[in-house]
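Try each task before you read its solution.

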Amino acid sequence: MRFAIFGDIHANLEALTAVLADAEKHEVTHYVCLGDVVGYNANPKECLEIVRNLDCPVVKGNHDEQASIVDELVGFNPLAEEAINWTRNQLGEADKQWLRDLKMVRQVRDFTIVHSTLDTPHKWGYVFNQLDAAASFNYQHTQLCFYGHTHAPRAYIRDGSVKSQLLDKLTLEPGKKYFINCGSVGQPRDGDWHAAYVLYSPDKQFIELRRLEYDIWKAQDKILAAGLPQRLADRLALGK
Ligand code: ZN
């Protein structure tokens, strides 16, 4: 059994396609999505279709929420807001209903998934440091939890105190708790433009971050052709 854990796809079809091809190459048996399927990039409908067809556990992201309701946008910067308004016009009612029905937190086998934090999942807080992670750990009832939202892969480990380290390859040890950010498929912000996702093998208790090349130029062209802000195309290449 091997899981592909991926999130923050943000309507980047080229990046999502690369991730799923890599997962297949690594004989993934189960898929898990950490939310923010839509927003920012140019293929919300196509990405939503693919994720829905995987028929896998998915949790709701803040862009999924905002794209699927009619209320005014709250707490979004102008760039994100423009993209959300555009995204709302691309999605059909069935797409929006599917997004609205997503849960905030789920347990998959023996691990938990959430988009933002376990302490206040509805408030879309960000885990940027040990203090933020410590608050979330208080609500984590499984040894392992995967999350997204910051678009930067990272491992927080609670072993008495909370430590933080870059995510690469990691073997889980008994008695410790893990809060693992899987990075972003479609809009990485850790200074590396490569699409990110995580492979998890429960039998070996082994986690591995994957970074992949994809057709970034095609994704950028589509953003510009859709009339979305130039800055959304530029930031893909910068990884921020
Ligand atoms: Zn996101």
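Some ground rules come first. This is a predicted model, where local features need pLDDT of at least 70, side-chain atom pairs count only at pLDDT 80 or more, and totals for chains, interfaces and linings use all residues. Residues are numbered from 1 along each chain as its sequence is written, and side-chain values use heavy atoms, with hydrogens and water left out.

**Exercise 1. Compare the radius of gyration of the protein with that of a compact globule.**

Step 1: for 240 residues the rule gives a value near 18 Å, and the protein has 17 Å, which agrees.
Step 2: look at burial (buried means under 20% relative accessible area with a 1.4 Å probe, protein chains only; over 50% is exposed, and in between is partly exposed). Of the 240 residues, 57% count as buried.

**Exercise 2. Find the largest nonpolar core and the residues with the most contacts inside it.**

Step 1: collect buried Ala, Val, Leu, Ile, Met, Phe, Trp, Tyr and Cys residues joined through side-chain atoms within 4.5 Å.
Step 2: the largest such set has 46 residues, and F6 and I9 have the most contacts inside it.
Step 3: assign elements, using DSSP runs numbered from the N terminus (helices: H or I, at least four residues; strands: E, at least two). Among those that each supply at least two core residues are β1 (3-6), α1 (13-25) and β10 (195-201); α1 gives the most, with seven.
Step 4: check for another core. One of 23 residues lies apart, including F3, Y178, Y200 and L209.

**Exercise 3. Work out how the buried residues of α8 are arranged around its axis.**

Step 1: list the buried residues, which are L232, A233, R235 and L236.
Step 2: take the directions from the helix axis to the C-beta atoms.
Step 3: look for the cover, counting contacts (heavy atoms within 4.5 Å). The cover includes α4 and α7.

Note on methods. The radius of gyration is taken over C-alpha atoms; the globule rule is 2.2 Å times the number of residues to the power 0.38.
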